[in-house]
Number of protein chains: 2
Amino acid sequence: MTGAIDFESIKTQKGRLVQTIHETAKWGAKGVWGKEASQTGVCRLALSDLDKCVRDWFVKETSDLGCTIKIDQVGNIFAIYPSKNKGLPTGIGSHLDTQPSGGRYDGILGVLSGLEVLRTLKENNIVPNFPIALVNWTNEEGARFPMSMVASGVWAEKIPLETCLALKSIDDTPKVFGEELSRIGYAGKVPASYQSNPLACHFELHIEQGPVLEQEGKKIGVVVGGQAFEWNMVTVFGRSSHAGTTPMNTRSDALVTASKIILMAIETAERSGGLATIGTLNLEPSSVNVIPNIVKFTLDVRHVEDEALSGIMTEIKSKATHIANTGIGSTFAKPLTVDFHNITTSKAIKFNQNNIDTVKKAALQLFNENEIREIVSGAGHDSCFTSTRVPTSMIFIPSKDGLSHTPEEYSSPEEVENGFQVLLRTVLLYDQAREE
Amino acid sequence: MTGAIDFESIKTQKGRLVQTIHETAKWGAKGVWGKEASQTGVCRLALSDLDKCVRDWFVKETSDLGCTIKIDQVGNIFAIYPSKNKGLPTGIGSHLDTQPSGGRYDGILGVLSGLEVLRTLKENNIVPNFPIALVNWTNEEGARFPMSMVASGVWAEKIPLETCLALKSIDDTPKVFGEELSRIGYAGKVPASYQSNPLACHFELHIEQGPVLEQEGKKIGVVVGGQAFEWNMVTVFGRSSHAGTTPMNTRSDALVTASKIILMAIETAERSGGLATIGTLNLEPSSVNVIPNIVKFTLDVRHVEDEALSGIMTEIKSKATHIANTGIGSTFAKPLTVDFHNITTSKAIKFNQNNIDTVKKAALQLFNENEIREIVSGAGHDSCFTSTRVPTSMIFIPSKDGLSHTPEEYSSPEEVENGFQVLLRTVLLYDQAREE
């Protein structure tokens, strides 16, 4: 394939991708597929029997299209579509596993739209210049084996192979990742390594999982990277005493101080264009009529820029200490203290500019400029790991009400079709640019 | 005994009461009695073997002083000291049971100082006009059988006998109150009833369990009643979503709204001279990177006056609803809701004025007016139940740092002696007034 691509001449099967999404939901569908298909959830935990079913189907479908199948040591499946030239494959990837109470789109859309790309190439007798690898990454959700994006992490050599294979499941009787992989027949021989089994690049179509595109009436999000984030365990130490006998001005109430710190953290992050979430909170001694002496809560703070995140955290810590030390009016009250314990810090991810430009070019072939926007991913994706090793970017479509990880997760058939069309053009534009 | 009492001629054994407090701590002392006696805790749960030991000792000591022993159906022990005249006994009562991690003074002081009163009468050959009943009320703490002041409640006919006898303990293998009572030999035949086994009045010496007397440098608290209080379970309903993908202005974060409500409730109660405590808080789904959609917390609000408490609660509920409905700036965010579920409401308790005046008169014989103060009890006591049936009042001595229900609970030997002296005079003044 050389010269300008005549996209208008490519015939696509409108509606087939959506149909495939709903058909494959039978491997994990909680409801009955049919009438209210888009309202029913999918539970397809990594390396479960249902995961085996969808993998077997995926291997058969891609093989039937002429793909070569490579399965690596952590069960990542690379379905490689043939090409004119030899060379590293252009990657399209996402995941087919879900949360226990997941939907039909998160991850699944990325793999099945890749399949639709391959089907479209085949039907139109388009032979790309370079191979196209459609990748199903294992255990992206980290729901059954509690480490998100672990298999793309091993491929990127950011997570040791042994760590991944030794992961224990959250089942009542925990199972080992490596053993479950063998049990379902997906313990491959191909090294799980970007060096031994390389890709030229990685593109991923995904639902936004947030409300921005929907609210702004955008059709396509051109994803430019991932936010930086930092998790801390925050502990406030006060003094416990009797709810009935302790005057207000002599209290060192750890929950009152924690409440002030929570509101301050939220305000600080929002004012600086960041995000702050307190997702867990526990207190002691936890008795109706006893003033809490210890409150522990997690603080998740995010920002597009590393420096801004760092600035927010510095401000939050400084103000929290001030609040703890001076929040009590009376000299009878003992000052409180607050401690921040870093759980994890993740740097901002910047996707490859050429990849971003390719997605934008593809999107602009289909939509007006005001129908697309650049966006930063708030959630983690396999693309975050691939981006550390190969040129990567992502395409987002709107998520109804910004919901994901729930059976209510929904993107309309039109939105799904839009995403597929952008992915198809992105892959072909990229392939063409590589040739040129 | 007629005419004015010559208190100066009464010989008391200074130090004996404190010694008795520490000696009896062996039945439940966690540390080694001796050097650091006042720093060691007591664990003497109701109807345990240790409770039996201290009860046996109490019965022997009071019998040796000439008391008649009556044990009622819920194990309350009435040790009745003989008198010149027949008539209802003047009651002195408190409890010998403790919290699992209790101290040496809460409750114990009240019973042992009553014993010291009887010993003093005996040694001084003082025969009161009317009998004096020293009462050890069962399971005041509600620590082992989870209903505080249950046995004085049965006596006051405010709690059914059957309810008390059927209480199940919090032991790993739960035991039944009635069976444990029989096991330790304290299932008496005397009806547990203020009508069948009446008292003329009830006086109780107790540690304050709060910091007011200590902070104000007062020696004696003349207790005029108990606070009104109301407990609610407050639930905030928001919307759960992803911490990384949900912009701040589209969130319906139940914990942020709960934090605002908590601070508002604290401020509202304090401004109105009341108390507010949030002792327990739980949230869902409780995941680091998921915005909480449900937060439940208990709200304990207290005030000396019923009407003021009611006013505070009305204001808190109204403002909480306003905060939930309008706390979110963006039109994209769903308004939150808040629900108050009343757990219990307890009316303010006003002690008997004549009893209060008697305590004050006794205290003023020993201290200057600026060394005593009227005070409202923040905690519940057996006197709260007796006050519903017979003239009641209480005497407080300072608690170091306001602490109770902890091994660090402490009142100095001098403070203990002060309390005993006021109790002794109160009982004799009351006895004299009855004769007159």
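Helices (H or I, at least four residues) and strands (E, at least two) are taken here as DSSP runs, numbered from the N terminus. The model is a predicted one, in which local features need pLDDT of at least 70 and side-chain atom pairs count only at pLDDT 80 or more, while totals for chains, interfaces and linings use all residues. Residues are numbered from 1 along each chain as its sequence is written, chains are lettered from A in the order in which they are written, and side-chain values use heavy atoms, with hydrogens and water left out.

Not counting residues up to four places away in sequence, B:S193 touches B:W155, B:E157 and B:P198, where contact means heavy atoms within 4.5 Å.

In chain A, A:H95 occupies the loop between β3 (90–94) and α3 (108–123) and is buried, at 0% relative accessibility. Polar contacts link the A:H95 side chain to the side chains of A:D97 at 2.9 Å and A:D106 at 3.4 Å. Beyond four places in sequence, the residues in contact with A:H95 include A:W137, A:E141, A:H206 and A:D382.

Turning to the interface, 50 residues of chain A are in contact with 50 residues of chain B. The area buried between the two chains is about 4300 Å², with carbon and sulfur atoms giving 67%; this is the accessible area (1.4 Å probe) that two parts lose on being put together, summed over both. A:T245, A:M248 and A:V288 supply 15% of the area that chain A buries against chain B, more than any other three residues. Ten residue pairs are in polar contact between the chains (both at pLDDT 80 or more). On the side of chain A that touches chain B, α8 (254–271) gives the most, with eight residues.

Key: Polar contact = N/O pair within 3.5 Å; in protein donor to acceptor, adjacent residues only side chain to side chain. Buried < 20%, exposed > 50% of the residue type's maximum accessible area, 1.4 Å probe, protein only.
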